[in-house]
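Try each task before you read its solution.

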Amino acid sequence: MKILRCILGDQLNEKHPWFNSVDPNVHYVFMEIKPESEYATHHIQKIVGIFAAMRAFGKRLENQGHTIYYYAINDAANQHSFEANISQLVQIYDFDSFEYMEPDEYRLDALFLDMQDRLHVPVKMVSSAHFMTSRTDVAQQFEGKKRFLMESFYRKMRKKYTILMDGDQPVSGKWNYDHENRKKIPVKHNVTPPKLFSNDLHDVFEDIKDAGLNYIGDVDASHFLWPITREQALELFQYFLDHLLPYFGMYQDAMHQFEWSLYHSRISFALNIKLVDPEEVIRRAEAHWLSNQETISLAQVEGFIRQILGWREYMRGIYWAHMPEYADLNYFEHARALPDYFWTGETKMNCISQCVKQSLRYGYAHHIQRLMVTGNFCLLAGIDPNEVDAWYLGIYVDAFEWVEITNTRGMSQFADGGIVGTKPYVSSAGYIHKMGNYCTHCNYDRKVKVGEHACPFNSLYWHFLFRNQDKLARNPRMSMMYRVWDKFSTDDQTAILEQAEQYLTQLEDL
Ligand SMILES: Cc1cc2nc3c(=O)[nH]c(=O)nc-3n(C[C@H](O)[C@H](O)[C@H](O)COP(=O)(O)OP(=O)(O)OC[C@H]3O[C@@H](n4cnc5c(N)ncnc54)[C@H](O)[C@@H]3O)c2cc1C
Ligand code: SF4
């Protein structure tokens with residue numbers, strides 16, 4: 001019985017049971033497909049990184065004795081359609097059946113389901129053996145409930161996998177150290193530099209250019225900095241454990257004008273293409289903390305584990321519980337176009353400029369830059385969530401719809417009306433200044449709401465609250481801010497709203 005198995009670009013899981021043994025009757029296919037590289041305008045580092053990791057993984061399987069078909073982007077035989085390439089192989093080599101791992105994206109899931117009848121051989125979907133929950137676990141846990149609270153999901157996961165537990169209680173008695181994770185980088189603190197690789201991928205880059213793919217951002221293809229093999233992913237993670245974890249939780253929400261990744265792991269790209277799996281990352285972090293408790297406090301490791309065991313799995317569950325409707329949600333009916341400076345970083349708003357330029361340069365921004373700078377601005381300015389989604393899906397090396405859309409449309413834009421978050425993540429300049437030093441280097445004045453140098457975040461913040469009173473004023477987590485607004489004089493309120501209106505009409509010029 002001859003079997004053809006397909007491996008997608010984000011399914012490079014060397015530990016998958018498929019690869020436990022070599023069977024001459026089982027063959028594998030990899031495909032670099034043009035429409036997959038162009039359904040959003042991706043960052044060049046994302047395309048180069050995925051193709052390079054696919055090619056390396058294909059070579060590795062081949063060296064182990066597996067039979068591989070590899071459709072590279074410029075191969076003449078490549079029809080740039082999953083179905084056409086698979087059908088071609090099934091016919092030429094007379095396969096008896098076709099198997100694939102569950103795709104993470106709804107779009108691909110639908111595409112693979114749709115092609116099944118036309119392949120004329122039995123088709124089987126298997127687990128990708130990566131996640132710690134099934135697609136439906138989150139939906140089942142919250143069945144019948146309006147809100148899907150991450151914290152209760154996270155606690156359940158801690159118990160289920162016995163992570164940071166002491167019997168049935170959290171180790172040291174507390175589940176969550178989030179409130180200890182809110183420190184700014186002190187002025188004289190020397191941030192540990194990030195671990196960067198120097199992969200020579202200029203051949204992959206040349207292929208992409210020859211294929212004429214659209215892309216955004218910069219790449220140094222001769223010194224490609226992201227991990228492209230499992231060994232490199234583990235090396236990056238070990239560097240995180242040894243050098244960054246001691247400060248991870250503490251500075252998790254901090255931002256810095258001259259430091260792009262601070263104490264973050266930068267493991268998301270490797271995780272999302274499955275070079276490493278979440279459980280091994282979590283267990284290694286816990287074990288590392290246990291043997292280094294004199295230098296790493298529980299708050300640091302709990303903060304890290306919560307992101308992966310909690311947020312990452314939870315977001316995937318939300319995605320499968322609410323797609324495809326989720327992709328059209330627009331609670332505030334926002335419709336403005338994304339300003340051009342999101343593609344160039346050319347704006348007088350220093351925080352936006354820094355975060356966008358950094359994203360174009362590295363294909364990376366850490367969570368608070370994504371949430372409280374670019375995302376916050378889009379929400380305050382009323383940008384169409386479709387445009388916001390397309391930007392986030394394109395610009396980050398780790399962006400795959402299942403985790404991008406729930407974070408963008410849900411957590412950041414509150415376009416889901418509160419499925420993911422209990423309130424919109426919005427702030428004026430106060431928060432951005434509290435967590436970083438962008439405001440110190442800005443053309444605008446963070447303390448001013450109205451006038452020539454008034455920081456746009458300030459008036460837009462109040463304008464957002466004012467225009468959405470009917471949707472937000474009764475939210476217990478927002479009511480305090482409405483009480484603050486009510487205390488402003490009518491003249492002040494009018495001036496702030498006029499300032500915001502002016503900024504909104506000149507959005508491109510900010
Ligand atoms: C608007 C917006 C869009 C985002 N888009 C993506 C995306 O496309 N892909 C993506 O992987 N993450 C996304 N995130 C979540 C988060 O910002 C990134 O996972 C993180 O910045 C990746 O960098 P890191 O590996 O250094 O993370 P660290 O800060 O070191 O965290 C460790 C890991 O925890 C996981 N994690 C942390 N926060 C989240 C979260 N909110 N949701 C899911 N997993 C999380 C990631 O796997 C991450 O690698 C987005 C967040 C926002 C606010
Ligand atoms: S002053 Fe306003 S625009 Fe400038 S960096 Fe601070 S928050 Fe951003």
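**Exercise 1. Find the polar contacts of ligand 1 with Arg266, Asn272 and Gln307.**

Solution. Start at Arg266: one of its polar backbone atoms is 2.7 Å from an oxygen atom of ligand 1. Next, go to Asn272, where a polar side-chain atom lies 2.9 Å from an oxygen atom of the ligand. Finish with Gln307, which places a polar side-chain atom 3.4 Å from a nitrogen atom of ligand 1. To widen the view, take the 30 residues around the ligand (a heavy atom within 4 Å). Those that come nearest are His264, Ser265, Arg266, Tyr364 and Asn407.

A word on the source: this is a predicted model, in which local features need pLDDT of at least 70 and side-chain atom pairs count only at pLDDT 80 or more, while totals for chains, interfaces and linings use all residues. Residues are numbered from 1 along each chain as its sequence is written, chains are lettered from A and ligands numbered from 1 in the order in which they are written, and side-chain values use heavy atoms, leaving out hydrogens and water.

**Exercise 2. Describe how domain 1 and domain 3 meet.**

Solution. First set the bounds, which come from an automatic or database domain assignment: domain 1 spans 3-126, domain 2 spans 137-322 and domain 3 spans 340-509. Then look at contacts (heavy atoms within 4.5 Å): 12 residues of domain 1 touch 14 residues of domain 3. Now take the buried area, meaning the accessible area (1.4 Å probe) that two parts lose on being put together, summed over both. Here it is about 1,000 Å², with 56% on carbon and sulfur atoms. On the domain 1 side, His43, Lys46 and Glu105 lose the most area to domain 3, together 47% of what that side buries. Lastly, count 8 residue pairs in polar contact between these domains, both residues at pLDDT 80 or more.

How values were computed. Polar contact = N/O pair within 3.5 Å; in protein donor to acceptor, adjacent residues only side chain to side chain.
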